[in-house]
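Hello! Here is the structure I promised to pass on to you. Have a look at it first, and then read my notes below.

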Amino acid sequence: MTSTAEAVGFWLLAPLAVVASLGLLFARKAVHAAMSIALVMIIIGIFYIMQKADFLGVVQVFVYTGAVMMLFLFVLMLVGVDSSDSIVETIKGQRWASLVLVVGLAGVLLSTIGSAVFDEQKVQAGLDKLVATNTETGNITGMAELIFGPYVWIFEVTSALLITAALGAMVLAHRERLSPKVTQAQWAARRIKDNKNVAGLPAPGVYARHNAVDTPALLPDGSPSDLSVSRVLVARDQVATTDGIRDVERHLEREIEEGSAR
Amino acid sequence: MNEPYVPVLFMLGLGFVFAAGSVGTSLVVGPKRYNRAKLEAYECGIQPSPQASGGGRVPIKYYLTAMLFIIFDVESIFLYPFAVAFNQLGLFALIEMVLFVLTVFVAYAYVWRRGGLDWA
Amino acid sequence: MSLHLLVDQAMTAHPAASALVTALPAATENPSADFSDTPWWLALLKAVAVFVYLLVSTLLVIWFERRVIGRMQQRPGPNRNGPFGLLQTLADGAKSMLKEDITPDKADKLIYTLAPLITATMAFVAFSIIPLGGTVSIFGHTTPLQVTDVPVSVLLVLAVASVGIYGVVLAGWSSGSTYPLLGGLRATAQMISYEIAMGLSLVAIFLYSGSMSTSQIVAAQSSLWYIAPAFFSFAVYVITMVGETNRLPFDLAEGEGELTGGFHTEYSSMRFAMFFLGEYVNMFTVSALATTMFLGGWKAPPFIAAINDGMFNGGWWGLLWFTGKMWSFLFVFVWLRGSLPRTRYDQFMRFGWKFLIPITLAWVVAVAFIRGAQLGFLGDSRIQLFGRFEIGVATLTIVGVVAVIALAGAWIWDDKRAARLEAADVAPPDEIDPFAGGYPVPPLPGQRLREPGSQPGTLIETAPGSKEPVLSGSSSTGGGTTVVKEETHG
């Protein structure tokens, strides 16, 4: 039977898991949804540990929370959560196929949970066997004996799955370079060869009263140098003008002239 | 004590209480002086880029990194029980594991060859 | 350069080290530490003690780091607050407590607050399975100096670390600002990349110990520390632990020149301090794990352990040895920071993905074969070496094959590198035309100058009305690259 500690843990965590799962469905922001499912994953891991499946529980946290959810987060953050989903069916009969799969999965889950609920003796026998294995051979060793015993084919097929994953990632996310990458040294060499901006582009103006990167440097004749501001800032129309600074400069010059004339 | 995971939760609780406590205290103790510029995103003085939290796009390179991470993560997950139980498993498991590592290595070599491991 | 050293090391030290391995595997994978006489309140007490130990250590290490780096840079470092400036960190902490806690307008308030809490909390959890000493008696209960131990301890540390990464990535995202987003993603990609190599390097230890429980691993090292048979894993682990903790030379996530503060740019006050705390506690965690996995954990160093029938090799003494070993790693962290510049991001990722991961995988397979040979999976025949040592033929063969492969690999790599360097090192021509490019170029040592008049098409004349010599014509190879004085800023 379930021990008190296990029951307390379950009734504390299970509602939390349910709330987090609902968060996945109803959260306004995609990252919030991803966080709630990460929480669900961690709670499932704790449940496994409570059921004496130490290795499985920790691996659940390690792989699902650590790796899979991280992938989700990356995608959500990078691709932009606002892009609306297309509701056009790209693969024919996709909906029907997924419906069939959902029904199948629900059937499997229901039958398993049902057998756990109604056939308490079998469950207890399984749990006893697990506890015995944990103390005698050890949880991980028992697991390894299963992986490299009856399930060795599934284990080997997993590697094929991993290859497929790598292929998929490359096809979807990798863009091959058409021209070789120009290194810093090559850029420098090219600059010298072309004899253009040999000393690098001019730095933006540095003024005591204003931040510099969006303000063009002033050339010796007082005109602003367009080369000195980033083209990103130019495109965003964020370049500050130098008129005020030049006015001050002219004023100073005039004063100096006056001073020398006097 | 026969619940070896409970002390882990003690540690978790202590860490959380300490962190939340000190953040909470600083919220109470610290000054509050409103300044609009202070609440803007920091970008070394220029106007903040409009893209950060919205629908901006950043190269998807990191997606590939995360995917490769999963692949190797799963591989190492299989290596752990193998390593722990190695004494009991024997030669057959050793051969199986070498086959597995080699197969995953094919994926790795493919990604390398296609330039998936180059950071531009 | 470091690659070269590693491969060299692999070549030379290998046969000797593997011949040393005689440590027997543990009988079972379950923890050897006995917690049956530990009531829950004692477990809580130990958790609090470890927590305080970590906090005090963090206060000390920040002072230590600043003092040591100060010495390395020939300045005193903080020396005003308290004796030797020991209270400097406390003063800094109190100061950050009294600073304004700013939440930017664009930030996602909930996650922005949650992120530093995740980082700080997760940093402490991993320490609960680190064995700090032997079995002692506290208030009449016999208990090990370890908060707890489980059969999957080391994996638990890795899992907790991977949850801790959420703090970084969420901090970056929730700030609603460009630099933190980029810094957070960069830090995350960096941590997960090095986590693989770290996890793989530990597989060799599990092969030797036959367990993932930390107390069992320490117990299995009573005759030989795993740094000897798994020396390559140790090297990989030390590299990856610097990468995992975002410390120099791998602190790309906070490359000040490119990303200002990285993921915590927008953070201030105590929320920033939590990231700071998390970073330092993580340093302690990886150092403690290294101590446990490779340096025999809390066991006394070999010669001290032999004194008076293991008088110093257990109980509370373990705490001393453990702390000493752990702090030696922290000194390395500080030393690295004091001496190395930051690597470039692409170099860092290339090193992780193209060198560390494949070579660690190869090492794990090699160790599996060596272990297999030792355990007699590959045949049982044994021979006498020098009339004294008895050693398995299979062991000898496997070690030989591994050594030859490592040697051949290093040789090929070295050859390729030499060829590449030679190809890159093109000797300059004997004679140069100083005005070929349009402006005067001084000759390199040993080069002769070509006389200006000797080359048809290149001559210097004085333009009418100008005092400066103006170049006309072009170099001997160029198809008419006339040089125009640039006046872009007119």
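(The expected span is 1.5 Å times one less than the number of residues; helices, H or I with at least four residues, and strands, E with at least two, are DSSP runs numbered from the N terminus.)

Before you go on, note that this is a predicted model, where local features need pLDDT of at least 70, side-chain atom pairs count only at pLDDT 80 or more, and totals for chains, interfaces and linings use all residues. Residues are numbered from 1 along each chain as its sequence is written, while chains are lettered from A and ligands numbered from 1 in the order in which they are written.

In α14(C), the buried residues include C:A394, C:I398 and C:V402. (Buried means 20 or more other C-beta atoms within 10 Å of a residue's own, exposed 12 or fewer, partly exposed in between, with C-beta atoms placed from the backbone.)

Where does chain C touch chain A? There, 24 residues of chain C are in contact (C-beta atoms, placed from the backbone, within 7 Å) with 21 residues of chain A. On the chain C side, α5 (153-174) and α6 (178-209) each give two or more residues, and α5(C) gives the most, with 8 residues.

Chain B has 4 helices and 0 strands, and 41% of its 120 residues count as buried.

Enjoy exploring!

Terms used:
Contact = placed C-beta atoms within 7 Å.
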